[in-house]
Structure formats: structure tokens, C-alpha cells
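This report is meant for a reader who is meeting the structure for the first time. It begins with the sheet, and then turns to helices, selected residues and salt bridges.

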Amino acid sequence: AIADSVPLTAQDTVVEIGPGLGTLTSLLVKKAGKVVAVEYDTALAGKLPGQFPGKNLQVVNADFLHFDLSYLATGYRVVANVPYYITQKIVEHLLEASNKAESFTLLVQEEVAEKLAARPGRLTAVAVKLQHLYDVQLGPRVPKEYFTPVPRVDSQVIICKKIHVDENVHIAIALLERVVDAGFSAPRKKVRTSLAGGLGCRKEEAEALCVEAGIDANTRPADLSVVQWENLAKVYDSR
């Protein structure tokens, strides 16, 4: 189901994070032109090439969080069953790459999938950064009983497709991160207060930012839309 959710062709380069025993890899090599499998475990990385002799597979024994995505073909896709404990770090690494993936399809913890795909009212900092660049949709839900050994949580596929707009429309991710991280520094407080604390300015200055961006300064950070966060970043950048 994960492999089928990605529109792969012989022209596509796919990056798989943590291929492990190669279960998903076996499907990806049949559909994509090239599969780059990044495996941290040296023993597993050594076995993978022998499982798919003559196939279009490149195995890289490395930590994905330090893997340089810039050398990959433009428009590459990421498909993976990721280690749950570093899901957010993996997403952040993908967002910070200068050569960003055309799409990434990840099997993650169900609760995490829901947070990444959240809408205003339940937004988090990482969800805002992700949805600034990608259209985020929930894919198949995978019950915990499908895993061996059985974990405590259910899982879900999340499908992220790059939003194609004029580059000038996108705010630099570093700038957006600065404002969003500041805004969510005290997520239960009003955005005026959290922005002031995160940006190191007076509440009056933070409120002025909100007013200029057309935002109610009494709103909670999670209740703002992605567009409103983008507007805040633009106003902050212009000052």
C-alpha cells in the first residue's frame, strides 16, 4: 500500500530511509528507475545489495540525519518506514535540504501523522513548517497487530507532495522557522505573549506585528493558519 501510494516511474529516483531487511525495497526497485537506500546498520547495509543483484539499487551505510541530499537528482522522492523516535528530526532534515524532495511518503506513529496533517486549532510548529512547503494528506492506517513484535501504538502513512509556486512566494524556511518557533515557544499562551518571549521583544512590539499581519494577538498559536504564520513572517522580515 505504501509503494502503491507513490506514483513511481522508471524516471524516478527514490530514497528509502532505513530499509532494514528490504521488504519495501523489493517493491521500490521494481517501480523506480533508481533506489538509494540509506541504512544506518552496517550489517544490514552489507546484506542488501546481495538481495537485489543487478537491480537499480544503491545502498549507503549512513545516518540519514547526516545524509547529504544535495547530490540527488532533482525531483527525487522519499518512501520509508521510519524509526518512530526520530520522525520529527527526519522531517526537519527533509525540510532544511537545499534540494528538497518532490514528495515523501512515510509510515509513522498514528498520533504523529495526525499532528503533521493537523489543521488550525491543532497545529504545531513542525506542522506549520511542513505545510508551508508540502500538501499533507493522511494515507492508510496500519493497526499495531500488523507488526511483530506488536507495539503499543497504531501507525499511519502520511503523504506529502511539494507545493509548486513561484519561488518568490515561498518564505525562506529559516525565516519562517524563526517566527514559528518563537510563536510556539509558549504554545498555551496568547500569540502576543509567546512571540514576545520567543523573539525577545516587548509585548507591544509583538502585538504590532500581529496587527500588521491582520492577526488577533489574543489567538493561541495552534489556532493560526499556515497562511497567517506566513504573513507574520513576512511582516517580521520587513521590519
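## The sheet

Two strands are taken to pair if DSSP finds at least two bridges between them. In this predicted model, seven strands form an open sheet with mixed pairing, and their order is E3-E2-E1-E4-E5-E7-E6. Strand E3 (57-61) and strand E6 (134-142) stand at the edges with a single partner strand each, so one side of each has no neighbour in the sheet. Direction ignored, neighbouring strands of this sheet are turned by 20° against each other on average.

Within the sheet, strand E4 (residues 77-81) and strand E5 (residues 103-109) pair in the parallel sense, with five bridges between them, and Val-78 stands opposite Phe-104 in E5. Helix H3 packs on the sheet, where it touches strand E1 (13-17), E4, E5 and E6, and its direction makes about 170° with that of E5.

Helix H3 covers residues 87-96 and includes His-93. Is His-93 buried or exposed? With a relative accessible area of 17%, His-93 is buried, because buried means under 20%. The side chain of His-93 reaches the backbone oxygen of Phe-64 at 3.2 Å, and, leaving aside neighbours within four places in sequence, the contacts of His-93 are Phe-64, Leu-65, Phe-67 and Leu-69.

Helix H9 (residues 226-238) has 13 residues and reaches 19 Å from its first C-alpha to its last, which is close to the 18 Å expected at 1.5 Å a residue. Among the buried residues of H9 are Trp-229, Glu-230 and Leu-232. The buried residues of this helix pack against helix H5 (125-133), helix H6 (173-183), helix H7 (191-199) and helix H8 (203-212).

## Lys-31 in helix H1

Lys-31 belongs to helix H1 (residues 23-31) and is partly exposed, with a relative accessible area of 28%. A polar atom of the Lys-31 side chain lies 3.2 Å from the backbone oxygen of Ala-3. Not counting residues up to four places away in sequence, Lys-31 touches Ala-3, Asp-4, Val-6, Leu-8, Thr-9 and Ala-10.

## Salt bridges

How many salt bridges does a search of the whole structure find? The search finds 11 salt bridges. In one of them, Glu-110 is joined to Arg-141, with the closest N and O atoms 3.0 Å apart. This pair links distant parts of the chain, since Glu-110 is in helix H4 (residues 110-116) and Arg-141 is in strand E6, 31 residues apart. Glu-110 counts as buried at 18% relative accessibility, whereas Arg-141 counts as partly exposed at 45%.

Another salt bridge joins the side chains of Asp-181 and Lys-129 at 2.8 Å, N to O. Asp-181 lies in helix H6 and Lys-129 in helix H5, so this pair ties together parts that are 52 residues apart in sequence. Asp-181 is partly exposed, with a relative accessible area of 38%, while Lys-129 counts as buried at 6%. The side chains of Lys-144 and Asp-154 also meet in a salt bridge, at 4.0 Å from N to O. Both Lys-144 and Asp-154 lie in the loop between E6 and strand E7 (155-162), so the pair ties together parts that are 10 residues apart in sequence. Salt bridges that share partners join Glu-110, Arg-141, Lys-144 and Asp-154 into one network.

Terms used:
Residues numbered from 1 in each chain as written. Predicted model: local features only at pLDDT ≥ 70, side-chain atom pairs only at ≥ 80, totals over all residues. Heavy atoms only, no water. Helix = DSSP H or I, 4+ residues; strand = E, 2+ residues; numbered from the N terminus. Buried < 20%, exposed > 50% of the residue type's maximum accessible area, 1.4 Å probe, protein only. Contact = heavy atoms within 4.5 Å. Polar contact = N/O pair within 3.5 Å; in protein donor to acceptor, adjacent residues only side chain to side chain. Expected span 1.5 Å × (residues − 1). Axes fitted to C-alpha atoms, helices over the stretch in contact; angles between N-to-C directions.
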